Amino acid sequence: MKEMVLDAIDTRLPELIAMAKRIHANPELGFQERQASGWLTGMLEESGFTVKRGVADLETAFRAEARGKGGGPTVAFVAEYDALPDLGHACGHNLIGTAAVAAGIGLAAAVSAVGGTVAVVGTPAEEGGGGKVLMVDRGAFEGVDVAMMFHPAGYTLPFRPSLASYRLTIRFHGRSAHAAAAPDEGINALDAMIQTFVAIGLLRQQLRDDARIAGIIARGGAAANIIPDLTEAQFSVRGRDQGYAGEVLAKVVACARGAAEATGCRMEHEVRKGYEAMKPNAALAETFSRHLQAMGMPVDPPPDRPRMGSTDMGNVSQRLPSLHAYVAIGPRTLVGHTNEFRDAANTDRAYQAMAAATKAMALTGLDLLTNPDLLAVVTRDFAENG
């Protein structure tokens, strides 16, 4: 069975690499990934999968399945394929989406003999849009026993923690006036926004090390000679767990309320449900790690202070056993969301890493379909981790 899985991947590898290159060359923002979604689902249909598009009321989301005879568990590989504004695929989602499809094709080669179901779940808008948040809430992962994906990085780790997060929009409403002739008649919404950023900067010294607050001013005024009557900022507020992230969020909103009081502006804010922290699953990570190392990919020791971001895969991991592994596509100095990472995601080394991760995920899936004891351990690990 192992040979069937690996042969199925190797046979399609040139085609899969071409797919990853095509997605890299045609970056699409979250919820707009029509080409990438179409290319990936087209390959799955050609490979015998039954594909449902537009799942969870999201145009570019999909769920594809290949079923074996009889019952058995459902193993899902999770695809991401959105890009970043201006930077393109600077998080390597061209590799993630292709690897999920490739792992699905590989495991599907054996599923008719071993039973169970292989699923590939296409999840749009990981970069801030929270596609998986919506899909989990709307039942798109219903019936899935285990979900897996890999993420490119500058290191190789079968598991790395992530930060819980919230998305916050703050607006200040003031009153416009001529900035030279009658500034005293205005209420400056930009002053309120600047005070908010200053207050957040002072707040940071009272926060835990795992807290992160990042923001941009999306609307700052119309012209220098007009007192701004409307400003808007967007923030990402994060913490090691959902509870503390919520505490930090409340403090940030309080900073904005204080700025509104000081300037006479009216403040309004909107909070979007954020990304939950990744829930570890040691049994799943260890199985993946063993297969990855067998592919010639050494695993790095975990860092003392890991650099952490946020991912909507955390929301999936809180609902069912999940793998979110990292595989190196470049040196340790490689950092995501940069031009360097975008370029690294379209190299021979990146495609070699993608192939190794694909095979390790597919073989982990095979173990889950053929070894009830492993699935029981993975399920128990999930339950015991709260």
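Tyr-155 counts as buried because its relative accessibility is 16%, where buried means under 20% relative accessible area, exposed over 50% and partly exposed in between (1.4 Å probe, protein chains only). The model is predicted, so local features need pLDDT of at least 70 and side-chain atom pairs count only at pLDDT 80 or more, while totals for chains, interfaces and linings use all residues. Residues are numbered from 1 along each chain as its sequence is written, and side-chain values use heavy atoms, with hydrogens and water left out.

**Aromatic pairs**

Rings of Phe, Tyr and Trp (its six-membered ring) pair if their centres lie within 6.5 Å; planes under 30 degrees apart count as stacked, over 60 as edge-to-face and the rest as tilted. By this rule there are three aromatic pairs. Two of them are listed here.

| Pair | Centre to centre | Angle between planes | Class |
|---|---|---|---|
| Phe-62 and Tyr-81 | 5.9 Å | 15 degrees | stacked |
| Tyr-155 and Tyr-326 | 5.8 Å | 40 degrees | tilted |

Helices (H or I, at least four residues) and strands (E, at least two) are DSSP runs, numbered from the N terminus. Phe-62 belongs to strand β2 and Tyr-81 to the loop between β3 and α3 (93–114), so that this pair links distant parts of the chain, 19 residues apart. Phe-62 and Tyr-81 are both buried. Because Tyr-155 lies in the loop between β5 and β6 (164–173) and Tyr-326 in strand β10, their pair ties together parts that are 171 residues apart in sequence. Tyr-326 is buried, with a relative accessible area of 5%.

**The sheet**

Strands pair if DSSP finds at least two bridges between them. Six strands form an open sheet of mixed pairing, in the order β1-β2-β4-β3-β5-β10. Its edge strands, each pairing on one side only, are β1 (50–53) and β10 (322–328). On average, neighbouring strands of the sheet are turned by 20 degrees against each other, direction ignored. Strands β3 (residues 74–79) and β5 (residues 146–153) run parallel and are joined by three bridges; Ala-76 has Ala-147 in β5 as its bridge partner.

Helix α2 (residues 34–46) packs on the sheet and touches β1, β2 (62–67) and β4 (117–122). The direction of α2 makes about 155 degrees with that of β1. Axes are lines fitted to C-alpha atoms, for helices over the stretch in contact, and angles run from 0 to 180 degrees between N-to-C directions.

Thr-117 is found in strand β4 and is buried, with a relative accessible area of 6%. Not counting residues up to four places away in sequence, Thr-117 touches Glu-65, Ala-66, Arg-67, Pro-73, Thr-74, Val-75, Val-111 and Leu-369. Contact means heavy atoms within 4.5 Å.

**Helices**

Helices α2 and α3 pack at an angle of about 10 degrees, with their axes 10 Å apart. They are therefore roughly parallel to each other (angles under 35 degrees count as roughly parallel, over 145 as roughly antiparallel, 65 to 115 as roughly perpendicular and the rest as oblique). Leu-40, Met-43 and Leu-44 of α2 make the contact with Gly-97, Thr-98, Val-101 and Ile-105 of α3.

Lys-21 has its place in helix α1 (residues 2–25) and counts as partly exposed at 41% relative accessibility. Leaving aside neighbours within four places in sequence, Lys-21 is in contact with Asn-346 and Tyr-351.
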